[in-house]
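These are my notebook entries on a few sites that I looked up one after another. The entries follow the order in which I took up each site.

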Amino acid sequence: MSTAILTGPPVAGAPLEGDLRSLGFDVRVAEDAAGVETALAAVPAGERVALVDPRFVGHAHSLRLALTDPRFPAAAVPGALAVQPGARAALVRAVSTAVSAAVSTAAAPSARTAAGAAAGAARTAARGPAGLPDRVAAALEEDGRAPAVHRPELGVLVAAVPADGAERAEAERAVAAVDDERVRLRSAVKPRDGFFTTFFVSPYSRHIARWCARRGLTPNQVTTASLLTALIAAACAATGTRGGFVAAGALLIASFVLDCTDGQLARYALKYSKLGAWLDATFDRAKEYAYYAGLALGAARGGDDVWALALGAMVLQTCRHVVDFSFNEADRHEREAGGEHTGEREGEPAAGSANPAAALSGRLDRVGWTVWARRMIVLPIGERWALIAVLTALTTPRTTFVVLLAGCAFAACYTTAGRVLRSLSRKGVRTDGAARALAELADSGPLAEGVARAAAFRRRGGRPSGFAAPALALLGSAALVAAALWAPVGPWLPAAALGYAALSGLAVARPLKGALDWLVPPLFRAAEYTTVLALAARSDAEGALPAAFGLVAAVAYHHYDTVYRIRGGTGAPPRLLVRAIGGHEGRAVAVTAAAALWAAGQGFTIALTALAGALALTVITESVRFWVSSHAPAVHDETGEPA
């Protein structure tokens, strides 16, 4: 239970107390400033507490946004403030500061005489603690030790503290003129989303979200239902029959509708959680890649081996995401350092960086149809899953994968080229936060770390040396992939992997602050994944490609987990874990060594399976431990960026 303290006697006939109780608050009334401090001290330390001006007039959803959102330690709208238990000490300080300031302000004008001082004190007592929530919020914002006070965007919603009867009547008319339930339902949908999601899913999925909220269902339950639906779809595809393929396509669309619904339910009911963050971060990829596996199994039943195409689709899609994450993480840190409050969106340049490519992109985003065309070109999750579902139902798994690979390859080239142009036209050097995020995304293991430490030219704080880092990463990646594709099976393979480890260590020897250094993590991912794919495709061992699929899926899980931890501000997984699983270069050495040692027979398949199992067990165990811990962040994607 949460507690709301009315900072004065309630207004007769006002719905405020009922609104607060409907939001789950136990309402207490304080008669004066001392009463507020006493009531606050009586609230158990583990509860959320809100201060609400009894004169408040506004929509219930305005109060909901300010008082119940679990993502923010402190939040406020005019006349109302709420803090999480972790910010209680800051709230107590702010209340004390605000009460003292109010008494001093009231007494000062009348301090010339004893009678005037008494009159000022009497006025303060008569007025009581009215206006206290707004003064406390201001005191919190001025307190350098307090958490930031979130102020939600209200739009057409009303939140006001009228000073007299006329203002109150006007505020009540403004409340009556706006249907806050309609606003709440509309705001459950992301402001920026793909064409398919916006026009073919969200118009009805938001109503499903409301239906779920009214029946007490949680976003995590809907997320789990989406996962189960996708797994059933994969099982239907694995039957290899036309009926199974049709059912799989229909169920995949149903899974996507539920996938949209869970986020809309979280926004509608403000039910965000750490566990929900973890589920949301991982289940989308699990669903899509499990469906790829189901298609490959179904094709095999019909005599068509498409495991290489399925693995290729997973590799390409994961690398696309790493490009997105790497570029945006580097850019986000720069915006935070120099572009706050500029109105920039994710992926746009920081303030002061004259960027023609970004300027053109911004202009295109303001030209009607080009907005939707550009969002569809990048093949976001809605368009991609709709394409997969239709092709599954009407064609063959091979056709599905070929079209998917072509579409994703075009989208990858389009987005990456645009980001390279933006980066080249950028002025200035990336921040230390960007360099740290890119280094964590690089996922370097002991071999690369050793080379980086030994590199003589590594000097902390020095200016990045042009394009050295991405050039070294590209050279090492190209050499490794070329060896995996064409080198004779034997000692040449692990030798090439060791060369790759050396070059990757040199690439990260200096802080990644160059204009194109965000390309380093995607190049490492492409090298590692493609090497596994190429070696499995070349192998004569039965089952090598399915085993490679499992290995890449386990490693990709680790990389997605790393991304969402960084997004949550907690940093990458522990270095001990990264070293234990070898880093990207260590795994490349292990896989090439296995290919060289067990070229014939089933040894290579067994090695890949064992490595996949060990990695999956290690990274998933540590990931679950982290995401259910008290330190895990609540990471929720509200940008509308395609996935």
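Entry 1. I began with the surroundings of Gly294. Leaving out residues up to four places away in sequence, I found that Gly294 touches Ala234, Ala237 and Ala238. I recorded that the model is a predicted one. Gly294 itself lies in helix H13, which covers residues 274-301. I then looked up the spacing between Gly294 and Ala235: their C-alpha atoms are 6.0 Å apart in space, while 59 residues separate the two in sequence.

Entry 2. Which side chain does Arg565 join in a polar contact? I found that of Asp561, at 3.0 Å. I also looked up the contacts of Arg565 beyond its neighbours within four places in sequence. They include the run Thr570, Gly571, Ala572, Pro573 and Pro574. Glu622, Ser623, Phe626 and Trp627 are also in contact with Arg565.

Entry 3. I then examined how two helices pack. Helix H8 (residues 180-187) and helix H12 (residues 242-269) have axes 8 Å apart and meet at an angle of about 140 degrees. Angles over 145 degrees would count as roughly antiparallel, and 65 to 115 as roughly perpendicular, so I described H8 and H12 as oblique to each other. I noted their crossing as right-handed. On the side of H8, the contact is made by Glu181, Arg184, Leu185 and Ser187. H12 contributes Arg267, Tyr268 and Ala269. Sorted by class, the contact of H8 with H12 has three nonpolar, three charged and one polar residue.

Entry 4. My last search concerned backbone angles. Most residues other than glycine have a negative phi. I found that Leu379, which is not a glycine, has a positive phi of about 50 degrees. Where is Leu379 placed? I traced Leu379 to the loop between helix H16 (368-377) and helix H17 (381-394). With a relative accessible area of 11%, Leu379 is buried. Asp443 is another residue other than glycine with a positive phi, here near 60 degrees. I located Asp443 in the loop between helix H19 (432-442) and helix H20 (446-454). The relative accessible area of Asp443 is 2%, and I therefore recorded Asp443 as buried.

Technical notes. Residues numbered from 1 in each chain as written. Predicted model: local features only at pLDDT ≥ 70, side-chain atom pairs only at ≥ 80, totals over all residues. Heavy atoms only, no water. Polar contact = N/O pair within 3.5 Å; in protein donor to acceptor, adjacent residues only side chain to side chain. Contact = heavy atoms within 4.5 Å. Axes fitted to C-alpha atoms, helices over the stretch in contact; angles between N-to-C directions. Helix = DSSP H or I, 4+ residues; strand = E, 2+ residues; numbered from the N terminus. Parallel < 35°, antiparallel > 145°, perpendicular 65-115°, else oblique. Left-handed = near helix turned anticlockwise from the far one by under 90°. Nonpolar A, V, L, I, M, F, W, Y, C, P; charged D, E, K, R; others polar. Buried < 20%, exposed > 50% of the residue type's maximum accessible area, 1.4 Å probe, protein only.
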